[in-house]
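Trainee: I would like to go through this structure and ask what stands behind each label.
Mentor: Go ahead.

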Amino acid sequence: MIGIGTNLVTCPLQPSLGCVYKLVEVNGSPCLKLTEDEEKMTIPGMKAIYRLYDAAGHPFMDLMALEEEPSPSAGQELGIRVLGRLEETTKVIPTTVEPLHRTYFRDGQVCEPLPSLPEVRTHAQVSLNLLSPAHRRLHEPQPYPVAVTERLHQLFLELRQGSL
């Protein structure tokens, strides 16, 4: 096997597009990119994303779940795995749960009206202002965690074991 890097196959006068494509499902079957660098592994399957809020109204974590899993509920205890610390289960109880995933295009067609640029800007500003001061501070901010459900973590482990 040989790997060819961006600098070898592109000309500085015609730079490459800096993006990454991560395949997570093929024909309804979840798939996984394996690599020794755990941060570069894909998280398999179609997912739903939720923002979890604490009692003060601050988001404290984003949660990835398989699309077919039931949505988490406010006040419900959740067993989750934080990315970067997948070996340990953590329990959290959100006071509010906000679904983040919106589908604007399906099969090449617009299926929900697109927000205007001012609406996108306002939404981003409101979201940033909701973060706790510990996450917003410029000096040594607290990292904002992203987690996966136990079921999504089990799928990840099954695919990884099946590929070894």
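**Pockets and buried residues**

Mentor: This is a predicted model. Its largest pocket has a volume of about 220 Å³.

Trainee: Which residues line the largest pocket?
Mentor: The lining is made of Glu98, Pro99, Leu100, Arg102, Tyr104, Pro115, Val120 and His123. Two elements, β7 (96-99) and α2 (117-130), each give two or more residues to this lining.

Trainee: How many of the lining residues of the largest pocket are nonpolar, polar and charged?
Mentor: Five are nonpolar, one is polar and two are charged. Tyr and Pro count as nonpolar, and Glu and Arg as charged. Glu98 and Arg102 are in the lining, so by that rule they fall in the charged class.

Trainee: What is the volume of the second largest pocket, and which residues line it?
Mentor: The second largest pocket holds about 190 Å³ of space. Around it are Glu38, Glu39, Met41, Thr42, Ile43, Leu83, Gly84, Leu86, Val148, Leu152 and Phe156. By class, that lining has seven nonpolar, two polar and two charged residues.

Trainee: What does the side chain of Thr42 reach, and at what distance?
Mentor: It reaches the backbone nitrogen of Lys33 at 2.8 Å. The cut-off for a polar contact is 3.5 Å between N or O atoms, and 2.8 Å is the value for this pair.

Trainee: Which residues does Thr42 touch, not counting those up to four places away in sequence?
Mentor: Thr42 touches Lys22, Leu23, Val24, Cys31, Leu32, Lys33 and Phe156.

Trainee: Why does Met41 count as buried?
Mentor: The limit is again 20%. Met41 is at 13% relative accessibility, and therefore counts as buried. Met41 also lies in the loop between β2 and β3.

Trainee: What is Met41 in contact with, leaving aside its neighbours within four places in sequence?
Mentor: Met41 is in contact with Lys33, Leu34, Thr35, Phe156 and Arg160. Phe156 is 115 residues from Met41 along the chain, and their C-alpha atoms are separated by 9.8 Å.

Trainee: Where does His153 lie, and why does it count as buried?
Mentor: His153 lies in helix α4, residues 150-163. At 5% relative accessibility it is under the 20% limit, so it counts as buried. Beyond its neighbours within four places in sequence, His153 is in contact with Arg81, Leu86 and Val148.

Trainee: How many helices and strands does the protein have, and what share of its residues is buried?
Mentor: There are four helices and 10 strands. Of the 164 residues, 23% are buried.

How values were computed:
Residues are numbered from 1 along each chain as its sequence is written. This is a predicted model: local features need pLDDT of at least 70, side-chain atom pairs count only at pLDDT 80 or more; totals for chains, interfaces and linings use all residues. Side-chain values use heavy atoms; hydrogens and water are left out. On a 1 Å grid over the protein atoms alone, a cavity is a set of points where a 1.4 Å probe fits but cannot get out, and a pocket is an open set with protein on both sides within 12 Å along at least five of seven lines; lining residues have an atom within 4 Å of a point. Grid points are joined across faces, edges and corners, and a volume is the space filled by probe spheres set on the points. A polar contact is a pair of N or O atoms within 3.5 Å; within protein, one must be able to donate a hydrogen and the other to accept it, and residues adjacent in sequence count only if both atoms are side-chain atoms. Contact means heavy atoms within 4.5 Å. Buried means under 20% relative accessible area, exposed over 50%, partly exposed in between (1.4 Å probe, protein chains only).
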